[in-house]
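Okay, everyone, thanks for coming.

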Number of protein chains: 2
Amino acid sequence: MKRKGILVVVSGFSGAGKGTLMKQLVRTYEEYALSVSMTTRAPRPGETDGREYFFVSREEFERKIADGGLIEHASYCGNYYGTPAEYVDKQLAAGRDVILEIEIQGALTIKERFPSALLLFVTPPSIKELRRRLSGRGTETQEVIDARLRRAAEEAEGIEAYDYLVVNDDLDACVGQMHMLIQGAHSAPVRQEAFIDHIRSELEELVKGEN
Amino acid sequence: MKRKGILVVVSGFSGAGKGTLMKQLVRTYEEYALSVSMTTRAPRPGETDGREYFFVSREEFERKIADGGLIEHASYCGNYYGTPAEYVDKQLAAGRDVILEIEIQGALTIKERFPSALLLFVTPPSIKELRRRLSGRGTETQEVIDARLRRAAEEAEGIEAYDYLVVNDDLDACVGQMHMLIQGAHSAPVRQEAFIDHIRSELEELVKGEN
């Protein structure tokens with residue numbers, strides 16, 4: 001029986017290292033595909049269309065919404081961000097697990113629409129380390145750091161909605177753990193429906209056959 | 001932060017190979033302890049008290065129930081079977097994952113009492129293989145085989161209550177997968193409550209500290 005891919009949603013505190021983890025995961029294992037979001041914000045220097053984002057106009061984005069072509073979308077600071085359905089559907093059908101970075105509200109929307117989606121929450125090993133990482137970039141003002149900490153405190157309230165909490169201490173160890181969790185998730189009954197149906201109908205036939 | 005053990009419940013069709021899997025798991029990895037059940041049935045030739053079962057009298061068993069000394073218990077063919085709480089509690093507190101074989105009703109009782117218990121359902125790769133294994137023992141009458149198939153059909157209705165469905169095709173591969181699933185389960189929020197509380201209180205303090 002051909003196995004379907006899992007939609008894997010990755011959320012976590014700013015500074016937890018989500019982006020690096022996901023890139024490393026996709027580079028290390030061939031069973032994963034990284035979903036690329038669509039946005040109406042302008043590309044920053046060094047960003048390429050189709051790599052960091054699909055950059056589109058407001059009109060194109062709104063047409064996409066109207067056509068049901070986005071799995072989820074949200075608006076930040078006057079720009080749209082969303083997940084194109086086509087790429088995700090194609091990869092899942094081909095048996096690849098699709099990794100998607102998204103904040104908590106979007107993650108909950110996805111879980112509602114795809115009950116078999118797997119939700120991972122990434123956290124640094126400690127808040128001290130989170131603070132160090134946020135400050136360590138050296139590019140942010142104290143106000144920005146404080147705003148991120150407040151945001152992190154809010155996000156921490158939602159952790160129970162996630163399937164797994166992944167602690168990012170060592171990059172390679174953490175990527176290995178994410179891989180293990182995603183592969184393990186294929187064995188959950190919600191992702192084995194075809195096999196379970198098959199077993200049930202075979203057993204029923206055998207039991208009927210007795211009489 | 002010291003990690004607590006997980007109570008791992010293993011169920012599955014008769015003939016799925018649960019007993020062999022569990023023994024191999026405990027032999028291969030040192031983080032597991034096998035729970036030994038208590039029963040009022042008489043020991044069979046070759047069975048040792050404390051290894052296959054704790055063999056006790058009806059009076060002792062009923063005193064154990066009255067004292068709350070059993071996690072769960074049930075009655076089959078006029079004999080009691082139950083799980084002594086003391087051993088399980090001690091091993092969990094010491095950080096070891098405790099493996100417990102039990103049928104579906106008992107598994108559901110345990111999940112209610114221990115929401116952080118992990119429920120694994122073991123199945124052979126196909127029903128054809130299940131039937132072959134049941135017949136292959138060569139020691140059972142057709143009536144017994146048929147009764148087991150009917151029982152399997154009933155049990156199959158409960159698979160969704162389990163966290164994972166484990167297909168026992170190759171013994172070593174299956175033991176490796178069980179190990180992966182149990183280790184992964186430590187990362188679920190329900191088993192990370194202390195860490196999550198810690199993160200939340202640290203974040204709250206930092207946010208308060210700003211003002």
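I'll start with the strand and finish with the rings. Keep in mind that this is a predicted model.

So, strand E8 of chain A, residues 118–123. How many of its residues are buried? The count is 6 of 6, so call it mostly covered, since buried here means under 20% relative accessible area. Now, in a regular strand the side chains alternate between the two faces of the sheet. In E8(A), one side carries A:Leu118, A:Leu120 and A:Val122, the other has A:Leu119, A:Phe121 and A:Thr123, and all of these are buried, leaving both faces covered.

What does E8(A) pair with? Strand E1 of chain A, residues 7–12, runs parallel to E8(A), with 5 bridges joining the two. If you want to find that pairing on screen, look for A:Val8, whose bridge partner in E8(A) is A:Leu118. Then there's strand E9 of chain A, residues 164–167, also parallel to E8(A) and joined to it by 4 bridges. Here A:Leu120 has A:Tyr164 as its bridge partner.

On to the rings. Over all chains, we get 14 aromatic pairs. One of them is B:Phe121 with B:Tyr162, edge-to-face, at 5.2 Å centre to centre and 75 degrees between the planes. That pair links distant parts of the chain, 41 residues apart: B:Phe121 is in strand E8 of chain B, while B:Tyr162 is in the loop between helix H6 and strand E9 of chain B. B:Phe121 counts as buried because its relative accessibility is 1%, and B:Tyr162 is buried too, at 3%.

Last one, back in chain A: A:Tyr53, A:Phe55, A:Tyr76 and A:Tyr81 form one aromatic cluster.

Terms used
Residues numbered from 1 in each chain as written. Chains lettered and ligands numbered in written order. Predicted model: local features only at pLDDT ≥ 70, side-chain atom pairs only at ≥ 80, totals over all residues. Heavy atoms only, no water. Buried < 20%, exposed > 50% of the residue type's maximum accessible area, 1.4 Å probe, protein only. Pairing = 2+ DSSP bridges. Phe/Tyr/Trp six-rings, centres within 6.5 Å; stacked < 30°, edge-to-face > 60°.
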